[in-house]
Each structure stands twice: as structure tokens, then as C-alpha cells.
Amino acid sequence: MSYAKAGHGPLDYQPCRYEGSPMTFRGPKIEPEEGYVLCLGGSETFGKFSPDPYPDLLARRLGRPVVNMGAMNAGIDLLLHDPAIRNALTRAEAVVLQVPGAANLSNRFFSVHPRRNDRFVKASTMMRTIYREVDFTEFHFTRHMLTALKRRSEDRFMIVVEELRAAWQARMTTLLDRIGVPVHLLWLSRRAPGDDPLDEEGLGYDPLFVDAGMLAGLEPKAASVSVCILAQDARAPAARGMFHGRGEETAARLMPGPEDHDRVALMRAGAMA
């Protein structure tokens, strides 16, 4: 299947909210009473820039309702504590869970916004002790902060990374234990789980800091694990099949394209049939 460049023109995501939560999810709003598949994840599951995100395509393949509760830049904290997500989990028949990164979660070193998990809120006393020379009021986003910390000191940065990994493992275990239906894990990234999660210059590709060992630790609690490596070229001159506004071209190239969403839907349908 081939896709032409969609050109400029942002999508109408039909933003909607579910009872009990101030979070905005992608529409159209679907509220079946039971027997649905619930898709949880971040911007990729939300389907940023994509006219047909994989939850919609999965619904067509399965012939059953699929509720998309992917949220922009969502981390584990949102998945664990959002009231609408917790309510949806009690009525779902199965869950597709996009593996989140380990950067956007509150931990012993810093806290993040409870809903917008990519927003840095505050550094702890421990963090300020380790990085005495850093003015943390300069940061508003976790990626910006962590990139700056890495440039300051690789050794001190790795102390923070190990704390994030430990917090991620504990919270992912809690999340999977809480879900009482089959959970199908989805690795959706530009790198394979076995690749080095850390980049020499930056932080690397999402899910940040998560490696093959961490993913393997979740497999006994999952009904299946699918790995989808993005086909869309982040260096391509155009984002194929994506709808975006002017100035969003670079961001669109980093997101899954139509071919990626098609492959995910096919993988998930095969595992859940």
C-alpha cells in the first residue's frame, strides 16, 4: 500500500472527555457498556497527525468496539491514576498497552504533572544535592531537563536513569497487576528492544530508557507482546500520509505514519483473534 504526502492541514481529532476525568482523549467518543478493547498509550496511540490511528483500524479488523484512550505524552502516572482510565479498565474485555517510556513519571529525584506527564514540576532535595550547579527553574519539560543533566555529567545522569528505571518497573508491575483482563503489550518505536536505549548525544528514542530486560520482565504478566519498528523515516523530506499544520513537519516525521498504524492493527488483530 502506498501513501501520498497529505500536505498541510491539521486534523480535527474530535477531542472528547470521559466521565470523572479532565483529560482530553481523541474522539469520536465511544462508550460501550462492555466487551470492548481498550487501547492505552501516548501520542502514538492517540494518533497525532494520523487520520486513522491503529485503534480505529483494529476495530475494523476485529469487528468490535475499540476505545482509544491514548493521550498526548502520557506516562505511567496518568495510566495509573486517571479516573476515566481506571473506570474503563473495569469494563474492558482486553487491553492494548503501548509500552511507555521511563522519563515521564514522578520519582525520588523529580515530580511531573499528574496529567501532562511530560511536564517537569519540581526537583527534589536529593536531585538538587546531586546537581548543585543546576537551576531547575529553567526547565518546563522532562526531556529538556534530562538532556541538560546528561550534558553536565554522564555519571550523575546515570544515577537518575537507574532511579527512573526502578520506578518504571515497580509502577508497570502495579499497573499490570491491577488490570484483570488480558493485556497485549505493544512496543512501538524507532528502535528494537535490544538496541541500546541511550543515544551518545541525546536521550535516544522512545520509550526512553526502557531496554529488552525491562520488557522481558513484563512478559509473564502479558497475554502477548508485539514489536513494531516504525517505517516512517524521521529524516525524510516529507511526512507521508500525515496531516499537519505549518511548522509541524518535523514533529510529524517522528510519529507513526499510516503504514505503521496499519501494521500495528494487523499485529494486534492476529494476536487477539
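## Charges over rings

In this predicted model, the charged end of Lys48 sits over the ring of Phe49, at 5.0 Å from the ring centre, where sitting over a ring requires NZ of Lys or CZ of Arg to be within 6 Å of the ring centre and within 35 degrees of the ring normal. The charged end of Lys29 likewise sits over the ring of Tyr18, 5.5 Å from its centre.

## Aromatic pairs

The structure holds six aromatic pairs, a pair being rings of Phe, Tyr and Trp (its six-membered ring) with centres within 6.5 Å, called stacked if the planes are under 30 degrees apart, edge-to-face if over 60 and tilted for the rest. The planes of Tyr13 and Phe46 stand at 55°, with 5.1 Å between the ring centres, so this pair is tilted. The two residues lie 33 apart in the chain, Tyr13 in the segment before strand 1 (36–40) and Phe46 in helix 1 (residues 43–46). Tyr13 is buried at a relative accessible area of 15%, and Phe46 is buried at 7%, where buried means under 20% (1.4 Å probe, protein chains only).

Phe157 and Phe209 form an edge-to-face pair, with 6.0 Å from centre to centre and 70° between the planes. Phe157 counts as buried at 1% relative accessibility, and Phe209 counts as buried at 0%.

## A cluster of rings

Ring pairs also join Phe110, Phe120, Phe136 and Phe139 into a cluster.

## Basis of the values

Residues are numbered from 1 along each chain as its sequence is written, and side-chain values use heavy atoms, leaving out hydrogens and water. Local features need pLDDT of at least 70 and side-chain atom pairs count only at pLDDT 80 or more, whereas totals for chains, interfaces and linings use all residues.

Key: Helix = DSSP H or I, 4+ residues; strand = E, 2+ residues; numbered from the N terminus. Buried < 20%, exposed > 50% of the residue type's maximum accessible area, 1.4 Å probe, protein only.
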